[in-house]
Amino acid sequence: MKKVKQTIEWGLISRKLNNKLTEQEERQFERWLSASEKNRQYFRQAQAYHQKQVEDLDLDLVPDTTVGFMQKLNHRNKVRTLYRNFRVAAAIVLPLMLVGGTYWYYQNSKTNDEQLAEQTPIATIRTKATLITTNGAELDLSASGVDLTDSIAGIHIVNDSLQGLSYPKEAETTLTAFNTLITPRGGEYKLTLADGTQVWLNCESELHYPVAFNGDVRKVSLKGEAFFDVTKSTKPFIVETEDVNVRVLGTRFNVSAYRDEDAVKTTLTRGLVNVESKLVNGSLVEVSLKPGDQAEYLRSDAQLLRQTVDTTLYVGWIDGYFRFEGQTLDQVMRNLSRWYDVDYHISAGVDRQKRLFGKLNRQDDFDIIMGMVSKIAGTSFERDGNQVKVSPKK
């Protein structure tokens, strides 16, 4: 048997990380990936390294004015783009690349705040979730050796460390069988449904879905947040939330429906979608979205609004970063608390409504992130385990 080459052109990995592989390149990549655990471990490191490159905030770069900060932030983007393009130009032996990448990662992750070093870092193992099968069995997807079988539906479910959870394409079952995928605070998971639709489920979220789509529609129910890449079909795909329904045929969009937020937001990046909600008087209202549009359902007065937005602010989480563009300190802290599984308290004297701007790496340690947020917001913070107190700047 011919031995699979253990080196790979970095450009191939880079295109994989950016979802730009051709079918032929995808087959080449999969052969390399399946050749050894060492290759798979390297790719996981490459994924984290790739995400690290999009970090734009640095404690030493944060000035007193937002305008100046954003100018410096954009300059760093340009420099790092040039650096990435240079690296893509050559084939690199993996162990050497990994050593260099790790050193760069470490150098750019340092903080001068020695107080942070005294705290135990908050865990950043993110691919964790629980699967509830039709018969009510609860399976921990992070546990090794779990036999993922839905005995009622009679199907085997694949769970892969890189590709996530996936169901047999159009599984042959006439039963009405449903599974539920639940992510905890601090966790996320990828799911491929029976029709090929891909779902990225964000932290503290829940998706209820059939193991096979046998009817005239493809319907799932969501609590929390998820990004959908829906396979095109004549069967409409419907995402139900407590407040709105999103109806599509084949498209890419994000739905954020956390109960502790003031609004449900549906953000479209490709295709067309219809968003429907009930008004206070019980009548239905519907808006159609085109790419770049967002439907915002305001829970306080049951209004459904449409607006044009920068979609990267709302879907950046699937690429490994937070984007804040005028969110309040309170909103930012709610977002961070879900991802890092912390409880926070904002003291009197802190402006909870202060608007923040920036881009943060979701894989960074919480203390690093909070150091950046605090400097921008003009606050200080203290952490005791998973309890965080945000106070006026000392």
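**Surface and burial**

I looked up the accessible surface of the protein first, and it comes to about 20200 Å². Carbon and sulfur atoms hold 50% of that area. I note here that the model is predicted. I then checked burial: 47% of the 394 residues count as buried.

**Overall make-up**

I listed the secondary structure and found nine helices and 26 strands. For contacts with a separation of 6 or more, I looked up the share between residues 24 or more positions apart, which is 54%.

**Cores**

Which residues touch the most other members of the largest nonpolar core? I found Leu165, Tyr167, Tyr209, Phe228 and Phe253, in a core of 45 residues. Strand S13, residues 218-229, gives the most to this core, namely four residues. I also noted a second, separate core of 25 residues, with Cys203, Val342, Phe366 and Met372 among its members.

I then took Tyr209 and set aside its neighbours within four places in sequence. Its remaining contacts include Leu131, Leu165, Tyr167 and Val220. Also among them is the run Ala177, Phe178, Asn179, Thr180 and Leu181, and I wrote down Leu191 and Leu193 as well.

**Aromatic rings**

I looked up the aromatic pairs, and the count is nine. One of them is Phe29 with Trp32, a tilted pair with 5.7 Å from centre to centre and 45° between the planes. I found both residues in helix H2, residues 23-35, where they lie three residues apart, about one turn of the helix. Phe29 and Trp32 are both buried.

How is the pair of Phe228 and Phe253 arranged? I have it down as stacked, with centres 5.1 Å apart and 15° between the planes. The planes of a stacked pair must be under 30 degrees apart. Phe228 lies in strand S13 and Phe253 in strand S16, residues 252-257, so this pair ties together parts that are 25 residues apart in sequence. I checked burial for both, and Phe228 and Phe253 are buried. Ring pairs also link these two with Phe213 and Phe237 into a cluster.

**Charges over rings**

I looked up two arginines next. The charged end of Arg338 sits over the ring of Tyr258, at 3.7 Å from the ring centre. The charged end of Arg362 sits over the ring of Trp339, at 3.6 Å from the ring centre.

I followed the pairing of strand S10, residues 189-192, with strand S11, residues 198-201; they run antiparallel over four bridges. Thr192 stands opposite Gln198 in S11. The two strands form a hairpin with five residues between them. In the turn I noted Gly196, with a positive phi of about 95°.

S11 also pairs with S13 in the antiparallel sense, over four bridges. In this pairing, Leu201 stands opposite Ala226 in S13.

**Glu325**

Is Glu325 buried or partly exposed? I found it in strand S22, residues 321-328. Its relative accessibility is 37%, so Glu325 counts as partly exposed. Leaving aside neighbours within four places in sequence, I found Glu325 in contact with Leu313, Leu356 and Phe357. I also looked up Asp310, which is 15 residues from Glu325 along the chain; their C-alpha atoms are separated by 9.4 Å.

Methods:
Residues are numbered from 1 along each chain as its sequence is written. This is a predicted model: local features need pLDDT of at least 70, side-chain atom pairs count only at pLDDT 80 or more; totals for chains, interfaces and linings use all residues. Side-chain values use heavy atoms; hydrogens and water are left out. Buried means under 20% relative accessible area, exposed over 50%, partly exposed in between (1.4 Å probe, protein chains only). Contact means heavy atoms within 4.5 Å. Accessible areas come from the Shrake-Rupley method with a 1.4 Å probe; for residues, only the protein chains shown count as cover. A nonpolar core is a set of buried Ala, Val, Leu, Ile, Met, Phe, Trp, Tyr and Cys residues joined through side-chain atoms within 4.5 Å. Rings of Phe, Tyr and Trp (its six-membered ring) pair if their centres lie within 6.5 Å; planes under 30 degrees apart count as stacked, over 60 as edge-to-face and the rest as tilted. A charge sits over a ring if NZ of Lys or CZ of Arg is within 6 Å of the ring centre and within 35 degrees of the ring normal. Two strands pair if DSSP finds at least two bridges between them.
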